[in-house]
Amino acid sequence: MKPISRRFAVLRGREFRLFFTGYAVSLFGSSMASVAVAFAVLDGGGGGSGLGVVMTARILPIVLLLVLGGAAADRLGARRVMLGSDGLRCLTQAATAALLFAGQGRIWALAALMACWGLAEAVFMPALDALLPRLVPATGLADANALLGIARNGALVAGPALAGLLTAVAGPGWVLAVDAASYAAGLAALALLRLPAAARPAAGESLIGELRSGWAEFASRRWQWVSALQGCLFNLLVWAPFLVLGPVLARDRLGGAGGWGVVMGAYGAGAVLGGLLLLGRRPRRPLRTAVAVTAGWALPSGALALGWPLPAVAVAAAGAGVTSVVCGSLFAALTQRHVPPEALGRVSAYGTLGAFAFGPVGLALAGPVGDAYGAGPVLGWGAAFQLASCAMTLAVLGRREPDGSPAPAGPRPAVPTRTG
């Protein structure tokens with residue numbers, strides 16, 4: 001067991017410690033906001049259809065603009081793009097809070113503001129992957145990604161519970177005001193970073209040319225596109241049915257909403273545990289490790305399909321949570337080490353878009369397919385598919401890890417500037 005000080009050594013660096021603090025605060029605020037927006041719509045008489053419109057308004061810009069967000073991060077600099085994103089999200093949430101305080105939370109207005117929120121998230125996500133190698137040395141990337149995973153999932157465990165309480169006591173407007181303040185904290189942390197100048201794409205290259213060159217970087221690495229394909233099929237055939245049909249089986253067998261809350265809470269707790277277990281560890285074969293642990297995503301679907309009791313399903317969900325952080329952290333670190341810095345935003349965006357492109361399709365089809373064939377069989381088939389896809393991906397990728405010299409990463413000897 002490594003000493004605690006060594007496991008958290010990545011936090012000794014000023015730049016990452018400062019960024020991590022601001023990022024964790026903004027994550028906690030945004031994890032509260034979704035609950036507040038949902039109740040604002042429902043309390044305003046929007047019903048389920050209104051809530052669907054508002055949630056779609058947030059998700060759609062992410063899907064449509066993610067690749068352009070990656071190009072913006074590479075062309076303008078990751079930090080500059082993230083500053084703009086946090087500024088827009090801060091203003092968006094403050095405006096949403098003001099509308100709710102004024103009693104003007106109409107569906108169209110909330111949908112328009114959520115679309116702005118989604119636009120900001122579309123540019124922030126790939127920029128984050130591009131920024132991280134400038135905050136920590138290459139050897140600390142896995143630990144840095146693990147800590148970010150801990151922060152994300154810790155917020156998802158605690159944030160919604162606090163949001164529900166604050167919404168009930170003070171109203172959703174106050175939750176959105178807190179979220180706006182959390183983005184201001186993230187904005188301040190980014191502004192205080194001292195970073196070397198960022199690598200940029202070739203001068204004079206058009207946007208289309210940058211997108212093509214980013215695609216070439218992505219497609220030239222088999223481990224990138226094969227993993228994205230595995231993630232795409234996982235979200236379509238395994239995770240989407242789990243999110244839709246899991247609550248159906250929970251209602252019938254696990255005590256309803258309370259039981260489902262336990263399952264999802266266990267998933268978040270497992271993700272936090274997975275991040276803690278990964279800290280300070282350096283697998284000899286990080287790519288094969290990242291792929292092998294994806295078998296863990298079969299656990300909760302399989303447990304539900306087999307009719308296991310609530311404690312066993314919760315343990316299975318915790319195992320999937322461990323999988324999510326270990327796989328995500330190792331794969332992100334590999335990308336950050338082996339992709340040229342000037343293309344990281346675009347490659348990250350292509351990979352994320354590929355992995356999640358069919359997720360909405362899976363969410364739409366899971367209910368009708370479950371009605372036709374039964375929730376249990378659909379989830380059981382998904383669990384079996386995940387195990388098979390894990391084995392097939394390992395076979396396709398072989399035993400070779402990403403080869404070639406790692407792309408320059410981490411703080412480089414240069415005069416600190418505030419560019420990018």
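Here is a short chat about a predicted model of a protein.

Student: How many helices and strands are there in the protein?
Tutor: Let's start with the overall make-up. The count comes to 16 helices and zero strands.

Student: What does the globule rule give for 420 residues, and what is the radius of gyration here?
Tutor: For 420 residues the globule rule gives 22 Å. The protein comes close to that, so it is as compact as a globular protein of that length. Its radius of gyration is 21 Å.

Student: Which element gives the most to the largest nonpolar core?
Tutor: That core has 47 residues, with Phe 16, Phe 19, Met 82, Leu 131, Leu 135 and Leu 148 having the most contacts inside it. Elements giving two or more residues to the core include α2 (14-43), α5 (107-131) and α6 (141-170). With nine residues, the one that gives the most is α6.

Student: Which residues is Phe 19 in contact with, leaving aside its neighbours within four places in sequence?
Tutor: Phe 19 sits among the residues with the most contacts inside the largest core. With those neighbours set aside, its contacts are Met 82, Leu 128, Leu 131, Leu 135, Leu 148, Leu 190 and Leu 193.

Student: Is Tyr 373 buried or exposed?
Tutor: Tyr 373 belongs to helix α15 (residues 359-373). Together with Phe 358, Val 361, Leu 365 and Val 369, Tyr 373 forms a nonpolar patch on the surface. Its relative accessible area is 64%, and exposed means over 50%, so Tyr 373 is exposed.

Conventions
Residues numbered from 1 in each chain as written. Predicted model: local features only at pLDDT ≥ 70, side-chain atom pairs only at ≥ 80, totals over all residues. Heavy atoms only, no water. Core = buried A, V, L, I, M, F, W, Y, C linked by side-chain atoms within 4.5 Å. Buried < 20%, exposed > 50% of the residue type's maximum accessible area, 1.4 Å probe, protein only. Helix = DSSP H or I, 4+ residues; strand = E, 2+ residues; numbered from the N terminus. Contact = heavy atoms within 4.5 Å. Patch = residues over 30% accessible without salt bridge, like charges linked within 9 Å, V, L, I, M, F, W, Y side chains within 5 Å. Areas by Shrake-Rupley, 256 points an atom, 1.4 Å probe, with all protein chains shown as cover. Salt bridge = Lys/Arg side-chain N within 4 Å of Asp/Glu carboxyl O. Rg over C-alpha atoms; globule rule 2.2 N^0.38 Å.
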